[in-house]
Amino acid sequence: MKERLLPLLLLAALLLACRVTSVPATTQPADLPPVPTPIPPRATSTEPSSPAPTVGLTLQDPMLSDPVAGQAKFRLLELGYDICTVTTDFYNYQVEAALRQFQQQAGIPPSGVLTDETLQHLLAGDAPSRAPVAPSPLLTGDSFYIEMGEVFAVSPESFWILQGSLIARFSRVDGEFLGFYQVEPLPGEWMYAPVAALYAEGYLWIAQQGPEDALLQAYDPASANPTEALLKPVLPASIHFSSVQLYPASAFDGQAVWLLVDDPQTQSVVLQPLNIHSHTAGEPIRIGQSSGFGYGYGIAYDKNTSDLWVSYADEVFGEQAIVKVEVNSAEIGPALGPCGMGVAFSMDRLWFANQQGLWSYDPLTSDRRLYQLESDSPLTLVPGEESLWVLDLYGMLTEVTAP
């Protein structure tokens, strides 16, 4: 009897097991609590947080990016101070110059250092803004309509405009066009192209960029023959110097011609002196950091202090400034506030031009003025003997005789 019941009991147990496992997984026993709904993670804000204040943010070499510098740039621009570009977070010359202006306006010692105290004043709702500058009248002399060029030199009898590889000559008497000229190369120097030019000590000094270096050569304006259309070299050998990117900027200090060069090997913008008496290249002075995407607008020589003022820009580092250079000590800065382009020193004042117009600056008194000038285009500035020559994009040349 037991032998018959055992298979029946095993079969019943097997059927019961199959019935339990066939229950859907979502079915919960009546005596068990419901499964709790998962708690979603806490939502996080997507708004950027304000950068932590940086203590003592100053000019750096090489320049480093800092979010506080970017925050200060936008605020200075909002308040009307001289900020040219706000596309980067570099604390550079233009930021330091604008910050000095703000510190002076806010009653803080104008150190140019972005301290916690300065940042708090800058971000405050009652931060002082910069009042707009009213233009001053300007005394002008002769005006001529000539052709435009970014390189412009003035000799006693002529105006010289560099246009590509040619130099156009105009009369200083009435602006009459006197012809196009080429610079005659010395043997082995035909691969050099004119980039910068100035008039000094009776000669036109023309800087030329070659495939591997650059050179400076003197040309006699008296040798300019319209029939040959050539300017003949004066030096038996040109003054060569290291350069792969020469800018159309130059100045003369009585001894040396100064040129502005972009050196990609050291990622620097440098001032290159070339002594025209010893015919030698001097030690260059590093001005600032370069990305290779920059532009040298001009150099001005202050005969009262023997300082140079350099106007340049760099697209990647967001720099655009006019920087003071003490030649003897090679000390750089401080920079001027208004974003400069062309620069020149004349009538004991530094002159520069930007989108607002024509400015002058007295380095001894820090007096800065904006002038009324009928031109809505970029300006090229060249110092004369006792005046300033201003050339606009349309070819209108105006002599400024007094501030």
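Val151, Phe152, Ala153, Trp160, Ile161, Leu162, Ile167, Ala197, Leu204 and Ile206 line the largest cavity (on a 1 Å grid over the protein atoms alone, a set of points where a 1.4 Å probe fits but cannot get out; lining residues have an atom within 4 Å of a point). This is a predicted model, where local features need pLDDT of at least 70, side-chain atom pairs count only at pLDDT 80 or more, and totals for chains, interfaces and linings use all residues. Residues are numbered from 1 along each chain as its sequence is written, and side-chain values use heavy atoms, with hydrogens and water left out.

**Exercise 1.** Work out which strands each supply at least two residues of the largest cavity's lining, and sort that lining by class.

*Step 1.* Go through the strands (DSSP runs of E, at least two residues, numbered from the N terminus). You'll land on S2 (151-154), S3 (158-163) and S7 (203-209).

*Step 2.* Now sort by class (Ala, Val, Leu, Ile, Met, Phe, Trp, Tyr, Cys and Pro are nonpolar; Asp, Glu, Lys and Arg are charged; the others, Gly among them, are polar). The tally is 10 nonpolar, no polar and no charged residues.

**Exercise 2.** Describe the second largest cavity: its space, its lining and the strand with the largest share.

*Step 1.* Its space is about 40 Å³.

*Step 2.* Its lining includes Glu184, Gln208, Tyr219 and Ser238.

*Step 3.* Strand S8 (residues 214-219) gives the largest share, three residues.

*Step 4.* By class, you get five nonpolar, three polar and two charged.

Technical notes
On a 1 Å grid over the protein atoms alone, a cavity is a set of points where a 1.4 Å probe fits but cannot get out, and a pocket is an open set with protein on both sides within 12 Å along at least five of seven lines; lining residues have an atom within 4 Å of a point. Helices (H or I, at least four residues) and strands (E, at least two) are DSSP runs, numbered from the N terminus. Grid points are joined across faces, edges and corners, and a volume is the space filled by probe spheres set on the points.
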